[in-house]
Each structure stands twice: as structure tokens, then as C-alpha cells.
Amino acid sequence: MKFVHIARNTFRESVRDRVLYNLVVFVLLLVVAAVVIGRIAVGQEAKIIVDAGLSAMTVFGLLIAIFLGLGLVTKEIEKRTLANILSKPVRRAEFILGKYLGLSLTLLVNAVVMAVAITLALLYAQGGADSLQWRLWPTAFLLWLELLIVTAVALLFSCFSSPALSALFTLLVFLIGRWSLDLKLFAETASSPATRWLSRALYHLLPNLANFNFINQTAYGQVVPWQLLVGNTAYAVCYIAAVLAAAVLIFERRDFK
Amino acid sequence: MIPALAIENLTQDYTTGFWRKRSLRALDGLSLRVEAGEVFGFLGPNGAGKTTTFKILMRMQRPTAGTARILGCALDDLAMRARIGYLPEQPYFYDYLTAREFLLYCGVLCDLPKQAAAARTETLLAQVGLTEAAAQPLRKFSKGMLQRVGLAQALINDPEMLFLDEPMSGLDPLGRREVRDLIARLRQQGKTIFFSSHILTDVEAMCDRVAILHRGRLVESGKLSDILKARSNELEAVISGVNETALAALRGFALELQPTPQGARVRLRSDRDLARLVDITQQAAGRVVSLNPVRESLEDLFVREITGQVNDP
């Protein structure tokens, strides 16, 4: 259970490094949006607050997932803190898992505080309780799952690539993953067999993140179907497990000069 | 008896260059044994392969060839890891943690129950003189203070064997003295200590045996008394209570004479000059405080092995 200690320490690091300060910026933006939009878009406030709030949650979360995700391992190597950990009775796999869970916890706290802020903004804008205020929570949960996948991918890249390249690769994976349905369509319609094969391989290999984005539908009053919620959770767990297993496999074989 | 550390034919090659790859041998067939309860000095100039050896022992690298066993166990044996302590060369620790939090974290990673880790943390903080600074984040610590934290974390699990990579670096003379005393205390407790250092006087004062590494190869290994050759028949005498006339007489035949507040330190060519020294000292109503054969210093040996020259005074 040493990964629990490592996870707790990773979470503590992000708190002490003032990562959660992004929440202050987020809340300020949301307050301004709620007040300003309420005046200029009468009748549309709730929709816009949900849309803008959840989109901002994605952007802020993505920045944390990519940049902190990359630093999880590279910082420990560069700052030479890894030598101290590996000399102790800790498996490399426990280290990777602990680091990953620590950042997942940071993202969870971030997502929960942001969702609470959006709920409060809606309460203010709608002048009372409304079903939309709870319906945004499953959507926020899906966004958190999406960020967990991105974090795992960032961690995987950082196990063998430089931070700059890893950031680029992770961002590309996120973007392609978000447009995975277009990639599937392209795979079906491309004229060249090689392109078709490559697109299909990429479609299956890269995470299908399109299903995790339910922001628009939520803003228009839909609720996330439970089948989608369960299916996406299972998909995220399996995908993350596979990516982390690959990261561990690479990290186990790596020499630190 | 199982040796505390057994290194057999350890070799490490690095590949350099991007297009035209070249192999660089950092460690070349290193073999050595450290017995339980020994204080073993691991010496060598920069780039000799000392840190590479530590990295292999601490699971940061896998060797190209050869094996090493600590306390009779393979390097990836986790139960063995709970029985050793390690101080890295430049101790960079989590600077957002306080010294107390860091030691506690190291304790639980070494399988200590939380309460035992907390108690051990307080003991060690007091032992390395950091109780007052225990609640400060490590980023506010000086290099010497970090070195003490490093030593404390290496001792958190009360290890049987300690690996200390340059434990004296960054310490002022007082700090070095404290580390030396600490190592002496640990030796009394029966712990095995394997450490590298550049400060040869410290090594000389503390080690039972040493190994000298140069360009990845072992060039000398053994008991200090065996490998430090006695230099001809020279003697060094310390005398006290003598006057200037006596000192002038001694200067007539001594190889070297250094006045001290109490008297002088005199180097003699051989014991034939000894009788004259005793006569002169007694006539001046002085006293011979000590008499020792002049041995080659570890520094001389080091220079001789590394450059092939003896550093003759």
C-alpha cells in the first residue's frame, strides 16, 4: 500500500505548489460571467453558464493534466528525488501508480470545486433551485474521467520522451481523441488502403474522448444517460489500466544515468 | 559469513553520440567485498565510477555485466531494501515538505508503522541537530542542513548497512566532525558503512579498509595499515618545554622542524638521530611527548595510484 503514501505526497505537492490557485481564477471568471451574461443574454444565462463553466473546467483541467502529468516522473528524475525513493523498498510500479493517483486526486478536488462553483452561479442566475443544477454533475464526472485518461497518456509519454515532445504528443492525443468520430469516418471513406488502415489503427489505439464531452447537451437540458455513464466509466478504467501498464513496463526497464 | 556487500565483475557501459554511437566504459570489472561491521571507504577522482557503482546498487541502473549482492540478497530484493540506508551524492529532496514531513514519508516508505516512524523522526531530528528547524520547508534549508536531513533519512529505518555517497560534501568543519562522530557511533552499534569521499583525512580517520577506483577500475584495495607504505625509516617526534637554543641544535640535523606553542614537531631521518634528539630535549629540561614512524598518507597513496607519482614533501 505504499502507493497510497506516494499518492498523498503527490497531492500535497500540488497543493503546496499552489496548483489549486487556478480555482480562484476560475471562480472569479464564473462570477463575472454570471453577472455580465445575466444582463446581456436574458433567458440564456443558465445555458451559457453551464456551457462556459464546463468548457473552462475542461481547459483548466487539461492544462493541469498535461503539465503536471508530464512532471510526475520527469521532475523526480531531474531533481534526483527518484534515487532516494528507489533505494527504499518501493517497487517502480508502486511509484508510478502512486504518482498517478496523487494527480488524479488533485484533478478530482479541482473538478468538484469547479462544479460547486458552477452550481452556485446557476443558483444565483436562476434565482432558485433547478434540475439543471444537479444535471451538470454527471457531465462534470465524465470530464474528470477524460482528464484522467489524458493524465495517464501524459505519464506514459513522460516515461520515455522529453517534456516538450511529451506535451505535444499528449495534446495531439487529446485533440484526435476529441475528434475520434471524424477519424472513424475518415477511416471508412479514405480511398487509399494504407490511409484507411492507418486511420483505423489510430482510431482503435487512441482514446475515444468524444463520448466524454456532454457539455452541449447538458446546456440544452439533457441528462447524461446512465448507460453512457457506466459504459464510459468502464472504458476509462480499462484504457487507463492499459496505458499505466505500458508506462510501468517502460519505467521498469529504464536506466537513470 | 555472508559479506555485507559483494560486488563481482561489475561493468557498466554507456552509449554516447546520436548518429555515430560510441561505447564508454564507466565501470570495468569491479570486484570487492565489504564485511559486516566494517567501515569501508570508496575512493577515486571525479569520473572514476563511484557514483555509477552507487547508482547500480541503488537500482537506478542495471549493469552491463556482473552482479552485486547486498546483505546476501539480490539488488531487487525489497526486504533487503528495508534493511539498508542510502544518502545520495547531492541530496535533493522534496523542497515543499518540512524536514519532519520528509522523514515521516521516508519512514512509511521503509515499512515503518506510522507511530514508529514519527518517534524515529523526532529522535533523528534531535540527533542531527534539526529539531528547531523541523517545521521549516526544505527549500529554506542550507546545503549543510540538507546533508543532515539526508543522513537522518538514511537512518530512518535503523539500517544494518549504510551507503553514503560523499557524506561530507557541503559541510563546514564542525559539520564534518559531527558526521565523523556519527559514523563512529554507528560503527560501535555494529553497522556496516560503505561510503565515498574526496576528503582523505576523514577517510583515513574513519575507515577499516578502502578501495581506490580510477577510470572505472579498481587500482588498490585493502587495509589502510597494509596499503599505506611506511616511508623508509623516518620518524616524527613531538617535543615540549624546550628553549630556542635546543631548537637551534635540533635544526642542525632534523629533516624538518615546525615550532608549536608548546615546543616543536620534528621529523628525523632515522632512529640514529633519535638519541641526539632525546639528549638535547633532556638537557633543555623538555619532554618528548610522542614518537611515531612517518607513514605515507592516504593522499600520497591516492596521488601515487592515480598519477603514478608519490607526492614527496
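1. Confidence in chain A. The mean pLDDT of chain A is 90, and 99% of the residues score at least 70. Where pLDDT is low, predicted coordinates should not be read in detail.

2. The sheet of chain B. An open sheet in chain B is built from 6 strands in the order 6-7-8-3-9-10, with mixed pairing. From one strand to the next the twist averages 15°.

3. Strands 7 and 8. Within chain B, strand 7 (residues 161–165) and strand 8 (residues 192–196) run parallel and are joined by 5 bridges. Leu162(B) is opposite Ile193(B) of strand 8 of chain B.

4. Helices on the sheet. Helix 5 (residues 143–154) of chain B packs on the sheet and touches strand 6 and strand 7 of chain B. The direction of helix 5 of chain B makes about 165° with that of strand 6 of chain B. Helix 11 (residues 298–307) of chain B lies across strand 3 (39–43), strand 9 (209–214) and strand 10 of chain B, at about 30° to strand 9 of chain B.

5. Helices 3 and 5 of chain B. The axes of helix 3 (residues 99–109) of chain B and helix 5 of chain B are 9 Å apart, at an angle of about 25°. Angles under 35 degrees count as roughly parallel, so helix 3 of chain B is roughly parallel to helix 5 of chain B. The crossing of helix 3 of chain B with helix 5 of chain B is right-handed. Helix 3 of chain B contributes Ala99(B), Phe102(B), Leu103(B) and Cys106(B), which meet Val149(B), Ala152(B) and Gln153(B) of helix 5 of chain B. This contact has 6 nonpolar residues, 1 polar residue and no charged residues.

6. Helices 3 and 7 of chain A. Helix 3 (residues 45–78) of chain A and helix 7 (residues 163–178) of chain A cross at roughly 145°, their axes coming within 10 Å. The crossing of helix 3 of chain A and helix 7 of chain A is right-handed. Residues of helix 3 of chain A in the contact include Leu62(A), Ile66(A), Phe67(A) and Glu78(A); those of helix 7 of chain A include Ala167(A), Leu171(A), Phe174(A) and Arg178(A). By class, the contact has 8 nonpolar, 4 polar and 2 charged residues.

Definitions and conventions:
Residues numbered from 1 in each chain as written. Chains lettered and ligands numbered in written order. Predicted model: local features only at pLDDT ≥ 70, side-chain atom pairs only at ≥ 80, totals over all residues. Heavy atoms only, no water. Pairing = 2+ DSSP bridges. Helix = DSSP H or I, 4+ residues; strand = E, 2+ residues; numbered from the N terminus. Axes fitted to C-alpha atoms, helices over the stretch in contact; angles between N-to-C directions. Contact = heavy atoms within 4.5 Å. pLDDT = per-residue confidence, 0-100. Parallel < 35°, antiparallel > 145°, perpendicular 65-115°, else oblique. Left-handed = near helix turned anticlockwise from the far one by under 90°. Nonpolar A, V, L, I, M, F, W, Y, C, P; charged D, E, K, R; others polar.
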